[in-house]
Amino acid sequence: MKVRVDQSICTGCELCAAISPDLFEMNGEGLSQVKSEAVPEDRTEECRDTADTCPVEAIRVEEQDEG
Ligand code: SF4
């Protein structure tokens with residue numbers, strides 16, 4: 001599973017970084033960014049839940065790995 005943040009939509013509310021600090025962090029512009037695009041197997045459910053929590057749906061999850 002892969003995850004990314006659409007920073008053109010992110011409002012910088014810091015919710016995702018607060019809920020999942022291992023997956024998301026705030027960058028120097030006050031917007032969220034992923035720590036790693038590839039989500040570890042044991043974090044996929046958490047990642048989906050956090051993506052659902054984003055108030056503006058800026059967190060995009062890709063279920064399938066590229067290939
Ligand atoms: S929860 Fe959504 S809007 Fe808030 S910082 Fe994270 S990506 Fe941005």
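Predicted model: local features only at pLDDT ≥ 70, side-chain atom pairs only at ≥ 80, totals over all residues.

Me: How far apart in space are glutamate 41 and methionine 1, C-alpha to C-alpha?
Reply: Along the sequence, 40 residues separate glutamate 41 from methionine 1. In space, their C-alpha atoms are separated by 7.7 Å.

Me: In what order do the elements of the chain run from the N terminus?
Reply: The chain has two helices and four strands. From the N terminus on, the order is β-α-β-β-α-β.

Me: Which radius of gyration does the chain have?
Reply: The C-alpha atoms fill a box of roughly 30 × 20 × 20 Å along the principal axes. For 67 residues, a compact globule would have a radius of gyration near 11 Å. The chain agrees with that, at 11 Å.

Me: What percentage of contacts between residues at least 6 apart in sequence join residues at least 24 apart?
Reply: Two residues are in contact if their C-beta atoms lie within 7 Å. Take the contacts in the chain between residues at least 6 apart in sequence. The share that joins residues at least 24 apart is 61%.

Me: Which residues make up the largest nonpolar core?
Reply: Of the 67 residues of the chain, 19% count as buried. The largest nonpolar core has ten residues. They are Val3, Cys10, Cys16, Leu23, Phe24, Val39, Cys47, Cys54, Ala58 and Ile59.

Me: Is alanine 58 buried or exposed?
Reply: Alanine 58 lies in the loop between α2 and β4. The cut-off for a buried residue is 20 or more other C-beta atoms within 10 Å. Alanine 58 has 20, so the class is buried.

Me: Which residues does alanine 58 touch, not counting those up to four places away in sequence?
Reply: Start with a distance: alanine 58 and threonine 11 are 47 residues apart in sequence, yet 8.6 Å apart in space, C-alpha to C-alpha. The residues that alanine 58 touches, with those up to four places away in sequence left out, are Val5, Asp6, Ile9 and Cys10.

Me: With which residues is cysteine 10 in contact, leaving aside neighbours within four places in sequence?
Reply: Cysteine 10 belongs to the largest nonpolar core. Cysteine 10 is also among the residues closest to the ligand. Leaving aside neighbours within four places in sequence, its contacts are Val5, Leu31, Ser32, Val56 and Ala58.

Me: How do the residues of the shell around the ligand divide into nonpolar, polar and charged?
Reply: The ligand is surrounded by 14 residues. The closest are Cys10, Cys13, Leu15, Cys16 and Cys54. By class, the shell holds ten nonpolar, three polar and one charged.

Me: How many C-beta neighbours inside 10 Å does cysteine 13 have?
Reply: Cysteine 13 is in the loop between β1 (2-5) and α1 (15-19). Its C-alpha atom and that of asparagine 27, 14 residues away along the chain, are separated by 12 Å. Cysteine 13 counts as partly exposed because its C-beta neighbours inside 10 Å number 16.

Me: What is the phi of glutamate 14?
Reply: Glutamate 14 lies in the loop between β1 and α1. With 15 C-beta neighbours inside 10 Å, glutamate 14 counts as partly exposed. Glutamate 14 is not a glycine, yet its phi is positive, at about 70°. Most residues other than glycine have a negative phi.

Me: What is the phi of glutamate 57?
Reply: Glutamate 57 is in the loop between α2 (44-53) and β4 (59-62). Glutamate 57 counts as exposed, with 11 C-beta neighbours inside 10 Å. Although glutamate 57 is not a glycine, its phi is positive, about 55°.

Me: With which residues is aspartate 6 in contact, leaving aside neighbours within four places in sequence?
Reply: Aspartate 6 lies in the loop between β1 and α1. It is partly exposed, with 14 other C-beta atoms within 10 Å. Leaving aside neighbours within four places in sequence, the contacts of aspartate 6 are Ala58 and Arg60.

Note on methods
Residues numbered from 1 in each chain as written. Near = placed C-beta within 6 Å. Nonpolar A, V, L, I, M, F, W, Y, C, P; charged D, E, K, R; others polar. Buried ≥ 20, exposed ≤ 12 C-beta atoms within 10 Å, placed from the backbone. Core = buried A, V, L, I, M, F, W, Y, C linked by C-beta atoms within 7 Å. Rg over C-alpha atoms; globule rule 2.2 N^0.38 Å.
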